[in-house]
Every structure is written in C-alpha cells, then in structure tokens.
Amino acid sequence: MAFHRQAHSKVRTGCRTCKSRRVKCDETRPACLRCMKAKYICEGYSISLTGVEGSASETRTQPHQDQPQHWSQLQHSHVVHHHHHPRPRDIRPADSSCFYRTLQTLADLSEPDSQAYDFCRRHTVHDMGTHHLARFWTRTVMAASHGEPAVLHALLALSGAHRHYMARLGGSASASTGAAATGLAMPAYAHYGKALRHLRDRIPGPSTGESESGRAGEVQVVLMVCLILLTFDIIEGRYNEALVHLNHGREILMGVGKTTRDSIVAAATLPAGGDDASAAVHLYLPEKVHSTMDELSYSFALMDLQSIHFGSTRLQFKLVDTPRNSDHTQSSVMPEQFGTFDDAWRSMLLLLNETYRFAAAARALPNPGDSEEFVIWQGRLLARLKQWKEIFDDSPLRKAPSQGASGATASEYDPSAALRLNHSYLTVMVGIALSFGDEMASDRFLPQFSAMVSLCEDLIIRLPTISLDASLIPALYTTACVCRHPGVRRRALQVVSRAGREGHWDGRQIAIVAGQKMMLEEEMAGFSYEAMSPPPEKPELLAEIIPRTARWSEMCADFVGDDYAVLQLVFRRKRVVKGQSGPGLAPLPEGHDNEYETRKKLVRLGQTRLSDDS
C-alpha cells in the first residue's frame, strides 16, 4: 500500500525568523505566535524598500557591485557605490522586557511608521553606533524611544533620511527611486517637526521645581534628541542646521557641570597663543562608561572634534582624563597598558582633541615655529604619540580581528587598523602644524601618507557607508590636499570617493574639493600625470614635480545659498615674493594683500538630500 504525502502550498509571506528556521509561520502581526512561544525574536515581515537593502537574509548573502576603478568616474556620478557588508543581526531568545516594549511600540504605530521604526532598529542604530558607541545607539537610544515621544519621532525622522541615503547608494536615479524619495521626504520632515515640538516642551527651565534626578533625566532626553536631529541634518547635508543642534547640545552639556555635583565639565582657558577671546570648557571622559551622561559626553566630544572643519571657529571642549584637571600645561596621563580597544580609543580621542587645539592655536600666530612654547608643546605631543604606539604595539590589540579566536572575517570592522590610521594621521598633523607657509615641509612625510592610504584601502570595505565616527575621511582629505605625490594623491581620492558619510564628512564632496586643489597645483606646475608610468615615491623628487610656486597652503570651502548645491573654494598661500603674484611674479595693484595670495572657484555639487518642498 503506497502512502502519499499531502501537498501543501508553500507560504512565502511568513516572518523572516520562521523562514530562516524553515518552519511554518502563523503570520500573526506584529510578531508571530510561533516565534514568541519558541522564545525567538520575531524579525517581522518583509518590507519593500526601493533601492534599499532587502530582507535581513538577503543583505547577508548578496554583496554590492564592484567599485569603479578611477576617482574621476565616481565624483561625477549621482550615486556612490560602496562595498558595505551589514553586520549580522543575530536571532536571540526574547528574554528581556525591552523586546516586549519594542513590540508594543510597533503595534502602536501606523504601517509606514512601523516600517521606519523596524528599519531603524535593524540598520540605522547599528550603522550610527561604531564599536565604542554601539551600546548607546542600540540599547540606550532604542530603550528611550519606548517612553519618550521626542526620541521616537527623532528616530523615525532619522530612519527616513537613512533609508533615502541608502536608496541613493544602492539604486539608480530612476523615476521609481525619485518617487520613493518623495514618499520618504514628507514623513521624515513631519517627524522632525514633531520631535522639535516635543523637545521644546522637554527643555527644563531655570526654576521648574524638579528634583535633581528628575532634571538630570530631562537633560539626558534633550541631549539625546539634539544628537539624533543633528545626525538627521548631517545625513541630509544641512550643515548649518546640524551646527545649531550641536551648539544647543554643547551649551546644555556645559551647563550640566555648573549644576551637578560630579563636575562633568569645568571652566578652563586655552593656553597662551590660543583664542584668548573665548574660553574652552573641560569635558571629562571617564575611563569606563557607567551612565547615559557618560555616553552623551563621548558622543558630543566626537561631534565637537568634527565641527572645527564645518563652521565652528574653535573646539568648545578640552577633553580631560580626570574631573579636576584644570591645568592646561598638564597632559592626560597615558595608561601603562591597553586592556581593551575602548582604552586605546579613549587615549587616542584625548590625543586627537589636544592635536586639534594645538593646530588651531598655532594657526593664530604669524610664525608659530619661532615660539618656544609651541615648539615644546609640539615635542610633548610627538612624545605622547610615540608612547601610545609603543603601548599599543606591546598589547594583543594590534592584531587584526581575523587573527583572533573570534572567527572574524576580512569583511568585518578592524578597530586595530583604524587606531593605527589615527596615530599616523595625528603624527603628520603635529609634524606640519608649525610649518604653515612652508609648502615643502610636508614632503618628508611621504612614507606616512602612502601608509595611511594603504590602511584606508584595506578598511574601506569593512566600514558602514554611513557613521558618526570619522574614521577614514580626515586622513584621506589631508593626504589629498597636502601630499604632492601624484600617485598617492589619486589613490587617496579614489578611496575617499567610496567612503560614504562619516559624521560631517561626505566622501563624494571631499573627493571633488580635494581634486580641485590637486588639479590647480598640477596645472600651475605644468605636470601631466601618466597612470602607466607614475613617478617613484621619493620625497626628494616632489619639489621637481610640484614646485613651490605651484603649491597652495590651505583651502576653505563655503556653501553658496541655502540649497547646499554650490561650493565656493578659496585657495590661500603666502606670496613667494611680497608685492608680486603667482609663477610669473607680476606686480600687484594697490589695495591687495601684500602678504597672502588667494584664488576663488565655484563648484556645483549633485543633489543627495531629501526635498522637503514636496
């Protein structure tokens, strides 16, 4: 007697968790009962997003298309492709109350908002939170969204901007993509406005009658929303609006130290030679993160460092490693060893802050190299950078993750390489800080520039396409602008074109801006680059390739208009001979600056942000 198995139609609309477990789903929404009974997190149902990564299982197995091989092809395109391998989102037993609060939040939202929230918790918070801030975004921020409407609306707005950004990277500029962007714009900006209204209601007044703990909770919510809205404006490329949120957050964080007993911030001043018209503020970075305020302090410290390149005249914070360190001559104490990557990263963050303050103070002097104080400061910084490298090299952290026992693959983030890159970048920055006006001073750092580009070429496939932490772009931008070797410059431009967004830094825009400086200098030098026979990487040859008369000291970029579509580039350098200009040394007309020479150029950028006019 033959037995035949009854045929069943295959269900293709079940939740992603049941599909991955190869079991039948009962399709209960928002979470299926089968997953809940088995104590699994129900990953929800497939969401159709034009131009965005598909389901979780699809993004883990399908790589992006190969990169174009030349930076000039990338800078003129409307889309920047990137080898981004999303981090796996493990299916874990639903054993926490946070999981059930997430389900309740999803159930209370409309279908579009539920999709936005789901995208946010699966992708946005993981991309925003690098390894040292991962817990803040994936745990603290998401948990706050369950009970704080301001945080929830800010996250929904951020999700819309992130989805549009990913659609621009993964899709083409077709009608369907444009329609999808229009559909994302209105809800994103609507939630942005709602978050602002809730934020105004939550800002505590000077005499609200609240307890100290209640006021601290209000401050944390306000700072969190400021940070999320700041991130939204960064993704949208709205730098002026982002700076407004950053300034509000910094002002609130400064006020915390005046009202709380743990003295998170304390008044201090910059050293002599700095910006004596204004005061810096000490921001204490604890060795271990124990509270939400500690996480917020680290987050705003990162944003403060980036703001010096995007509108802030100076750093607002001086990072310190002890709450009572108020002596500007006292540097932070280097630990004897780095037990974790967070230890090494904290010390690097303190060095980065001091380097930026040193460079800004040096630029305020006409001849900083003649100042004994600045020469001593430079020597102290270089010694501490050398000490950091010795401690790091003696620790097991310098090994790549793929060599460890965790089983990490070559596509995963390598914090060791990122830290080595930051060390090389700071070493070059400190080395040339006192040489403004001496265009030949950077030539001796050619080996460091080449090594930095090599590290970036390895790291670019490991990093997300969007992040708040500036890992690669500052080093690549400095290399493309300051290194005069044609081959190394073009390698840096090619990598930065693929870097996506890192905080305030937009890789595509940076490639265009730095490329303009390279083309100006090579045109003035009469140099023509031949890819088949690049010049050797010898520092002594750079003076012949790009002579002193063709080099420019600095370049500033300012947006023209409120649409962020046109940049005005201003190139500036000290004159070769006072009273004369350019390679031909033609006499200058009266009224012109006898000390510095400038050139201006307008550059039009592509449209990469949502339109809130629809």
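Student: Between which helix and which strand is the loop that holds Gly311?

Tutor: Helices (H or I, at least four residues) and strands (E, at least two) are DSSP runs, numbered from the N terminus. On that basis Gly311 belongs to the loop between helix H12 (292-307) and strand S3 (317-320).

Student: Please state the basis of the numbering and of the values.

Tutor: This is a predicted model, in which local features need pLDDT of at least 70 and side-chain atom pairs count only at pLDDT 80 or more, while totals for chains, interfaces and linings use all residues. Residues are numbered from 1 along each chain as its sequence is written, and side-chain values use heavy atoms, with hydrogens and water left out.

Student: Is Gly311 buried or exposed, and how far is it in space from Asp558?

Tutor: Buried means under 20% relative accessible area, exposed over 50% and partly exposed in between, with a 1.4 Å probe and protein chains only. Gly311 has a relative accessible area of 58%, so it is exposed. Gly311 and Asp558 are separated by 247 residues in sequence, yet their C-alpha to C-alpha distance is 9.1 Å.

Student: Which strands stand at the edges of the open sheet of three strands?

Tutor: The order in this sheet is S7-S8-S11, and the pairing is antiparallel; two strands pair if DSSP finds at least two bridges between them. Each edge strand has a single partner strand, so one of its sides is left without a neighbour in the sheet; these are strand S7 (554-559) and strand S11 (596-604).

Student: Which residue in S8 is the bridge partner of Glu554?

Tutor: S7 and strand S8 (residues 566-574) run antiparallel and are joined by six bridges. Within S8, Glu554 has as its bridge partner Arg572.

Student: Where is Asp506 found, and what is its relative accessible area?

Tutor: Asp506 is part of strand S6 (residues 505-506). Leaving aside neighbours within four places in sequence, its contacts (heavy atoms within 4.5 Å) are Tyr239, Ile473, Gly500 and Arg501. Asp506 is classed as buried because its relative accessible area is 6%.

Student: How many salt bridges does a search of the whole structure find?

Tutor: A salt bridge is a side-chain nitrogen of Lys or Arg within 4 Å of a carboxyl oxygen of Asp or Glu. One of them joins Asp118 to Arg122, with the closest N and O atoms 2.8 Å apart; both residues lie in helix H6 (residues 111-128), four residues apart, about one turn of the helix, and both are buried. For the whole structure, the number of salt bridges is 20.

Student: What is the relative accessible area of Asp393?

Tutor: Asp393 forms a salt bridge with Lys389, the closest N and O atoms being 2.8 Å apart, and both lie in helix H14 (residues 372-393), four residues apart. Lys389 is partly exposed at 39%. Asp393 is partly exposed too, its relative accessible area being 29%.
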